[in-house]
Amino acid sequence: MPQTPSPPPSLMPHEEPLPPRYDLWTAAVFFCVGTAILWLCWQMPTYREQGEIYTAPGLVPALHGVIIIVLSLWLGFRAIGRGALHAPREAAAPREGYSNTRLFLAATLCLAFAVGLVGRLPFWLAAAIFVFAFATLFEWQPGLAPRERARRMAIAAVTGLATGGIVVLVFERVFLVRLP
């Protein structure tokens, strides 16, 4: 009895790998981002008159830019090796569970958090509301029994409150960063 090939270990059982051309485009975008970071860092002052190269404000971002460029090249060569430059064999069927609506919801929630909540509410409360709203919207299933829906919303509320509290504690006590 022939066995169906198992997905790579990095994928969930219901996922399928994307065509290599997606990786090639992603590599091109990250290459441009890394190059832009490196170029902008080159434009920053170097403070040569102080005699210390390590005080240059663009040093760490430049290293990050170099790492992004190297990793984008690796991703691009890997995509080419997997056939990204060859014509696609067949049109890809739309993937189940992915939609522009979900992307729009995620972007809207992030903007509402950054623009509408942070600075107007204590940070722990803003983070708790964001996590609760995100979990509720993305775990919503039509036709779910009211009792199960209430249970899931309660779990989302507890998760949101815990996340808000933990984020504030970690940033203020461990990293010594004052949050708005």
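Reader: How far apart are the end C-alpha atoms of residues 62-80, and how much of the span is helix?

Author: In this predicted model, the end C-alpha atoms of residues 62-80 lie 27 Å apart. The span is 100% helix and 0% strand.

Reader: What does UniProt list for those residues?

Author: An unreviewed UniProt entry lists residues 62-80 under "transmembrane region". The entry also gives residues 22-42, 101-118, 124-141 and 153-171 under that name.

Reader: And residues 124-141, how much helix there?

Author: Residues 124-141 are 89% helix and 0% strand. Their end C-alpha atoms are 28 Å apart.

Reader: Stepping back, how many helices and strands are in the protein?

Author: The protein has 5 helices and 0 strands. Along the sequence the pattern reads α-α-α-α-α.

Reader: How much of the protein counts as buried?

Author: Of its 180 residues, 18% count as buried. The accessible surface is about 14,400 Å², and carbon and sulfur atoms account for 70% of that surface.

Reader: What share of the contacts join residues at least 24 apart?

Author: That share is 62%, taken among contacts between residues at least 6 apart in sequence.

Reader: Now H4 and H5. At what angle do their axes cross?

Author: The axes of H4 (residues 123-139) and H5 (residues 146-174) cross at roughly 145° and come within 7 Å. The crossing of H4 past H5 is right-handed.

Reader: Which residues of H4 meet H5?

Author: On H4 they are Phe123, Trp124, Ala127, Ala128, Val131, Phe132, Ala135, Thr136 and Glu139. The H5 residues they meet include Arg152, Met153, Ala156, Gly160, Gly164 and Val168. By type, the residues of this contact divide into 13 nonpolar, 6 polar and 2 charged.

Reader: Take alanine 128. Buried or exposed?

Author: Alanine 128, in helix H4, counts as buried because its relative accessibility is 6%, and the cut-off for buried is under 20%.

Reader: What does alanine 128 touch?

Author: Leaving aside residues up to four places away in sequence, alanine 128 touches Gly160, Leu161 and Gly164. Threonine 159 is 31 residues from alanine 128 in sequence, with 7.8 Å between their C-alpha atoms.

Reader: How far is alanine 28 from isoleucine 69?

Author: Their C-alpha atoms are separated by 9.5 Å, and the two residues are 41 apart along the chain.

Methods: Residues numbered from 1 in each chain as written. Predicted model: local features only at pLDDT ≥ 70, side-chain atom pairs only at ≥ 80, totals over all residues. Heavy atoms only, no water. Axes fitted to C-alpha atoms, helices over the stretch in contact; angles between N-to-C directions. Helix = DSSP H or I, 4+ residues; strand = E, 2+ residues; numbered from the N terminus. Left-handed = near helix turned anticlockwise from the far one by under 90°. Contact = heavy atoms within 4.5 Å. Nonpolar A, V, L, I, M, F, W, Y, C, P; charged D, E, K, R; others polar. UniProt positions renumbered as here; feature names shortened; annotations may be inferred. Buried < 20%, exposed > 50% of the residue type's maximum accessible area, 1.4 Å probe, protein only. Areas by Shrake-Rupley, 256 points an atom, 1.4 Å probe, with all protein chains shown as cover.
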